[in-house]
Amino acid sequence: MYALQLRSVLVGAAIALTCASLTLAHIRIAPTESAPGAREKYTMRVPNEKQVSTIRVEGEFPAGLQIYDFEFKPGWKIDFKKDDKGKIVGATWTGKIVPYEFVEFGMLGINPKEETSLVWKFIQYYEDGSKEEFTGPVGSRLPSPVTTLKKPDPTVSASK
């Protein structure tokens, strides 16, 4: 009887941990904080949250951010979205992420000169025809990743 109860508790804990990790496994951008006007390497982490493969990710870059270079991954193709002046404003990554895996894509950019929040928008497409749109506000089920631009605190850097 004790072994059966212990097994039930362990199975319940495993399910809870799995569900908790899935709720945290959205598309992310690192770093989440940078400086205005800085040159930055941004890394997009795309986990596969479903039991079918991810086949495409479409991204819209924040206004004012100048993305100028991309890290290419074997097995992936990148198509750039440009505005009428030729500026890269988004990209589509096409490839495959199987269940329980993730891929990271690097991008180099120049931040806007003012303090602001950079809001990234992504849509993740799956092999079964479904999609998830990471375009919602912070705290929503499918939030947009956000990078906050703020000037470094001079008292922090002076003490180092």
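Here are legends for a few views of this predicted model.

**View 1. The whole chain, element by element.** The protein has two helices and 12 strands. Here helices are DSSP runs of H or I with at least four residues, strands are runs of E with at least two, and both are numbered from the N terminus. Residues are numbered from 1 along each chain as its sequence is written. In this predicted model, local features need pLDDT of at least 70 and side-chain atom pairs count only at pLDDT 80 or more, while totals for chains, interfaces and linings use all residues.

View 2. Of the 160 residues, 34% are buried, meaning under 20% relative accessible area with a 1.4 Å probe, protein chains only. The protein exposes about 9,800 Å², and 58% of that comes from carbon and sulfur atoms; the areas come from the Shrake-Rupley method with a 1.4 Å probe.

**View 3. The five-stranded open sheet.** Go across this sheet and the order is β6-β7-β4-β10-β11, with antiparallel pairing. Strands pair if DSSP finds at least two bridges between them. At the edges sit β6 (77–82) and β11 (131–134), each pairing on one side only. From one strand to the next, the twist averages 15°, with axes fitted as lines to C-alpha atoms and angles running from 0 to 180 degrees between N-to-C directions.

**View 4. Close up on β6 and β7.** Strand β7 covers residues 88–97, and six bridges join this strand to β6, the two running antiparallel. Look for Ile78: its bridge partner in β7 is Trp93.

Conventions
Heavy atoms only, no water. Buried < 20%, exposed > 50% of the residue type's maximum accessible area, 1.4 Å probe, protein only.
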